[in-house]
Amino acid sequence: MKTRRACLAAALLTTAVALTGCGSSGAGSVPDGWGTLRTKGVDVSYPKGYEEQSAAGRGKHNAAAAVRTEGGKKVSVITVQLGFTEANSAEQAAIAAEAGIQMGAKVEGQKDVELAGTDEAKRIDFSFEATGEDGGPAEGTPVEGVILTGLDSADTTFAIRIDAARGSLPDGDLDRIIDSVEVH
């Protein structure tokens, strides 16, 4: 009888440990003091120094946006678009997202990325030179960009785009932005 109880206890403990170690908590990790862009399909957090834009202040295709300025110029922008294309997979969403990157940009690669709340998402890295328009960095300033894309729980596409003038967003902050993403 003791052997049976010991085996049952060991099996339950093993199951509990296995379940605890699997996957993420289902929620993105948000550093203290950061703000969060919340939409019906996805949330993403941003570092101190960014200001969330109102619906009137952001582009009409953006469900949410935050901007960081220095010296009166936008040096980094984080945007969220929902339903930007009809797609049945993260791969199809990534193809559509790449098509939306400005002419002359250099697409540096596409890869799978883990985002809380979805089993399939893509990351697209790219770079371009600023045009000096729309309050952005001076013309010719190198800009690095990342797009995170996939489908939410309603099978609606999402695209989170992070553009930053080179050197204005530390790699650690970019990683924390990506880690903060939660897909609904």
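View A. What you're looking at is a predicted model, where local features need pLDDT of at least 70, side-chain atom pairs count only at pLDDT 80 or more, and totals for chains, interfaces and linings use all residues. Residues are numbered from 1 along each chain as its sequence is written, and side-chain values use heavy atoms, with hydrogens and water left out.

**View B. Here is the largest pocket itself, with a volume of about 790 Å³.** Rolling a probe the size of a water molecule over the atoms shows where empty space is left. On a 1 Å grid over the protein atoms alone, a pocket is an open set of points where a 1.4 Å probe fits, with protein on both sides within 12 Å along at least five of seven lines; lining residues have an atom within 4 Å of a point. Grid points are joined across faces, edges and corners, and the volume is the space filled by probe spheres set on them. Of the 32 lining residues, Val77, Gln102, Phe128, Arg161 and Asp163 lie nearest the centre. Helices (H or I, at least four residues) and strands (E, at least two) are DSSP runs, numbered from the N terminus.

**View C. Lys122 sits in strand E7 (residues 121-129).** Its relative accessibility is 10%, so Lys122 counts as buried (under 20% relative accessible area, with exposed over 50% and partly exposed in between; 1.4 Å probe, protein chains only). The Lys122 side chain makes a polar contact with the side chain of Glu91 at 3.4 Å. A polar contact is a pair of N or O atoms within 3.5 Å; within protein, one must be able to donate a hydrogen and the other to accept it, and residues adjacent in sequence count only if both atoms are side-chain atoms. Glu91, Asp112 and Lys122 are also linked in a network of salt bridges, each being a side-chain nitrogen of Lys or Arg within 4 Å of a carboxyl oxygen of Asp or Glu.

**View D. These are some of the eight salt bridges found in a search of the whole structure.** Side chains of opposite charge can pair when their charged atoms come close. Arg38 and Asp43 meet at 3.4 Å, N to O; Arg38 is exposed at 60% relative accessibility, while Asp43 is buried at 9%. Asp125 pairs with Arg123, with their closest N and O atoms 3.0 Å apart. Both ends are tucked in: Asp125 is buried at 17%, and Arg123 is buried at 14%. Glu144 and Arg166 meet at 2.9 Å, N to O. Glu144 lies in strand E8 and Arg166 in the loop between E9 and helix H3 (171-180), so this pair ties together parts 22 residues apart in sequence.

View E. Most residues other than glycine have a negative phi.
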